[in-house]
Structure formats: structure tokens, C-alpha cells
Amino acid sequence: MSADSHPTLPPVRLLPDAELARDALAAPLFARAVRLARWAGPDTRVDTGGELVPGQLPEAVALLGLDPADEDSAAHASQAWRVAVDTGLVEVTEPEEDVADPGEADGDDREFGTAEPGEDLALVTGGTPGDVLDLWLAALDTVLADAAVPALDDLVDALDAGGEIDFDQLDWNPRREADFLDGVLANLYLLAVAEGGTADGPVPLPVLAASMVVPDDMGDPTDAVLEQVSDAMMRLDDQFRQLEPIGLVEFRPVDEELMAEAEDEDFLTAGAGSGSAPDEEDVSRYGLVRLTPLGLYGIRARMLEAGVEAPAVGELAGKGADVLLDVVSHYSEAAAEAEIEQWLAGRPVPEAAAELLAAARGADAGGPLRRLRCQQALAPAGAEAEPAVRAVLDDAELGGLARVWLAERGVADVPAPDEEMVFWLTVDTIAAQLATGGADGGGAGAGEGAEAELPLLIQSLTAHHAGFFEQAWRVEHPATAHVLEAMGRLHPDKKAAKEARKAAFKARSRGV
């Protein structure tokens, strides 16, 4: 990530690859695919599509410990085989032409395709965690492709007299369906990684469906929109049932009774209204879903492949302090703290402190936020950082920050700042807080807390300086006029706010 490249998504906190790989191996569908790959051999027969012939399915069902009396068991075994083939866990040699199952005709000696364990099967036990995760991602692609296909009942209904699928009747567009599912998963990812998001809690299915259907600027949704949300919920219910076995999501399906009532207007209103969740006591009946830690990894990997900038906490650990401060300036405070902590781990404190301070300099618009994050990074540092901090005491941009750091640690011989430095630090501090989005919005996402606290900070900083605004407009800081204008809007004292606006005009007039 370059120093001038700012991520558009909050950073996700991922588990270590080793833990994610264990989760991948434990995912039921992936585990079944591995077992079938180990079972594949000279007696395993496949058709021209590489699928197990029907006569082989009972053996595969038994191997996987599935209930042979369950009509879905054969489908589960077939899906696991398809995953094994698509991921390279199994290597198949297909017959030259489609043939019947040899068990269905006595003495049938026609040729069938063969199967054997693929080279990639060795990676399951002998590869790195990254190798396992690559195999799992390939399996995920197969499952997502399957999930975008219409339900079997819909396909049967769309068959014409000649046995061909009438796609006009089916109203199915593969690209559209795949894009819809990708959009749903992207929304689920965003809900999970957003500050205060749902990474540790499930998302009601109506909320997720509404996020794909209800326009952002719509007030109360129309009956037609509610019906679209209901339809989307039913599609998602079917799709998440398919995605859960690969370990992507934890899913509680829609209550069967509600599914039977899907055409009822009360169901539409209760389940989908304007993107809000049903009553808390009933919410689970409408379906709940969350991405697992493995799911967060998988969706992020797909986003990265699609060219989306989706940062992860810890990926800046090997970058320089200039890149670190620039990027975390656009993170929330909690995310910045987590990233900084990993950056500092393993670095000698004196060198890290000096590098951070050097990177914090700058008269550009991002300077105040860099210095704020630098101060945040140095906060836990001990006496080892003191020499680097003392070295910048006379620096016009960092001297105030250094004095604050030393004073907080009770150092006795800290030289008092001159008046020019005090005013410069005040402007810089407020500029950094404004840049977090607290009052102006659109910054690093400090949130409602910062918006409420900023007027109090402004009042506190100005209360200790008589004639503050008469001096402040003269401060040689690139954000002086911007800060004074904000103080004119936010200062809780009307008289002081008026003085701030006058000072901002003077600062603008002199080009500051």
C-alpha cells in the first residue's frame, strides 16, 4: 500500500493463518471432499462430467457417514465429490462419451472415467496453512457458483417438452445471480468490519435482504418493495443453507412456519419493513447470519482479487512509519491502536520512536492527524523512548507533542513552551480532531463521541488563554483559518464563537 493510498474499508481483524486453516479443515463440506479424495482409486468411476456415477454414490454416502435413508445424502456426497475435483484434491480421467452406470446393465463392459487422489491432496497434511487456505478458497468458489444456481424445483418447472430448460420462464441470469450473492456477502462483510459492527453478532436476514433491495432514500417501503425483500429473504435462506457447510457463515434459517406464510402481507411488513429488524423476541424466526472468522478471510480474499482495497490489521507491520501514520490516520481510533500495536511489536523502542516522530512532521493537510496518531503510538512507550522525544523539543511542529509526552511521565526538567508553540499546538490539536470527522464529518470516523466532545475540548483549550482569538489568527499553521471557523460554529459560548469567526476572517485575509 502506497503512502498516498487510503483504504475505503475499515480494517478487518483476522485470525492467524494456522487457526484459519484448522477451521477450513474442520468445515464439513471441505472435510468430506478430503475424505472422498483419499478414497478415490481404480474402482472409482465417473461420467463424462467427472461426476461419480449413480452406482458409486451409495459407497460414497457410507464412507462419509451420511444417512442412506436421507434423500439429501446422495446430493451431499455429489457436492463433496465436485468440490474435491474442482480443488484438485481428486484427478479424474473422463470417458470419451457419456455412459450408463455399470450397475444398471448386466455384463456392461463399456469404458468409464477413472479417478485418483490429486497432487494437491498432499497439501492438506504436508502443506503450509496458506496452502490449505488456497484449497479452501477454491472450494468456496465452487460452492458460491452452486449457490447462484436456481433451486432444483425451479429447474424442473422450467423444463419444456423436449427436456430443455426454458431460461425465459426461469428468469435466471447467471451473472446477475452471482453479482447479487457477491453484493450480499460484501454487505455482510461491511456490517462485520464497521466500527461497532456485527463481527461478534448475527445479522437479521430481513436487514440483509433490505440492504440489497430498499433504496437508501426511500422512506416507508411500498408493498412492491416489501415483496421484493421477502423474495430476497427466501433466496438468501436457500443460499446460506448451502454456504454454511463450507464454513463461510453461521446461519439460523427462516422458521418453516414463516416460510409457509411468505405470501402473507403481515409477514412482509414484519420481516422487511424499511430495512429494520423485527422485534427482538421474534428476530431469530426470520433468520440470522454472520460471517465466521474463516468467512471474513474468504470474502476479503475475493474482494482483493476483484481489486477492492480491503485492509487487515497487521499488514502494515513491515512498512515504514510514514506509511503507518498516513494509513492509520484514516482508521478509527480502536483500529489505529490495534495496527500501531502490531507495528511496534518486535521493533526497538528508541528507533521506533525516532522513526514515528520523523514521519509525523509535515505542513500538509494530513499533518495534524499524523501527529495525533504518533502521540497515540508513543503513549505506551517507556523511558527507552525519552531520548528520541527530547531530541525534538526544539522542533516547531513536534516540540509541543514532546513536552506533553514528557510531562505525562512526570519528567521534572521539561522546558516550558513559548507562547507561539502553545498556540501552534492548540491549532494543531483541534485540526486533528476535526479531521477525525467529529464535527466536519467524512474523516477518520471518530463517531458521535468525538462530535460531542469537540466543543468541550475547544472551550477547555481557549479558557486558559486570555485574548486567545486575538493571538490565534496570527498562528503560522496551514489549518489556522479552518480551525477558527470550526470554533466559531462549535464554541458553546456565543461571545467566544463570535470572536472566533472574526479571527477566522482575519486569518483568511492574511492567507493563513
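**Figure 1. Serine 329 in its loop.** Serine 329 sits in the loop that joins helix H15 (321-328) to helix H16 (333-344). Helices (H or I, at least four residues) and strands (E, at least two) are DSSP runs, numbered from the N terminus. This is a predicted model: local features need pLDDT of at least 70, side-chain atom pairs count only at pLDDT 80 or more, and totals for chains, interfaces and linings use all residues. Residues are numbered from 1 along each chain as its sequence is written, and side-chain values use heavy atoms, with hydrogens and water left out. Serine 329 is buried, at a relative accessible area of 4%. Buried means under 20% relative accessible area, exposed over 50%, and partly exposed in between (1.4 Å probe, protein chains only). The serine 329 side chain reaches the backbone oxygen of leucine 325 at 2.5 Å.

**Figure 2. The tryptophan 39 and tryptophan 81 pair.** Rings of Phe, Tyr and Trp (its six-membered ring) pair if their centres lie within 6.5 Å; planes under 30 degrees apart count as stacked, over 60 as edge-to-face and the rest as tilted. The count by this rule is 4 aromatic pairs. In one of them, the rings of tryptophan 39 and tryptophan 81 have centres 6.1 Å apart and planes at 80°, so the pair is edge-to-face. Tryptophan 39 belongs to helix H2 (residues 28-39) and tryptophan 81 to helix H4 (residues 73-86), so the pair ties together parts 42 residues apart in sequence. Both tryptophan 39 and tryptophan 81 are buried.

Figure 3. Distant parts of the chain are linked here: phenylalanine 423 is in helix H21 (residues 419-435) and phenylalanine 468 in helix H23 (residues 468-472), 45 residues apart. Phenylalanine 423 is buried at 5% relative accessible area. Phenylalanine 468 is also buried, at 4%. Ring pairs join Phe423, Phe468 and Phe469 into a cluster.

**Figure 4. Arginines over ring faces.** A charge sits over a ring if NZ of Lys or CZ of Arg is within 6 Å of the ring centre and within 35 degrees of the ring normal. Arginine 235 lies over the face of phenylalanine 180, 3.9 Å from the ring centre. Arginine 347 lies over the face of tryptophan 343, at 3.9 Å from the ring centre.

**Figure 5. Nonpolar cores.** A nonpolar core is a set of buried Ala, Val, Leu, Ile, Met, Phe, Trp, Tyr and Cys residues joined through side-chain atoms within 4.5 Å. The largest has 79 residues; Trp81, Leu89, Trp136, Tyr189, Phe240, Leu243 and Leu248 have the most contacts inside it. Helix H6 (residues 129-147) supplies the largest share of this core, 10 residues. Beyond neighbours within four places in sequence, phenylalanine 240 is in contact (heavy atoms within 4.5 Å) with residues including Val184, Leu205, Phe251 and Val289. A second, separate core of 33 residues includes Ala321, Val323, Ala336 and Ala388.

**Figure 6. Arginine 371 and its surroundings.** Arginine 371 is in helix H18 (residues 367-378). This arginine 371 is buried, with a relative accessible area of 3%. Not counting residues up to four places away in sequence, arginine 371 touches several residues, among them Glu397, Trp424, Asp428 and His477. Arginine 371 and leucine 357 are 14 residues apart in sequence and 7.9 Å apart in space, C-alpha to C-alpha.

Technical notes: Polar contact = N/O pair within 3.5 Å; in protein donor to acceptor, adjacent residues only side chain to side chain.
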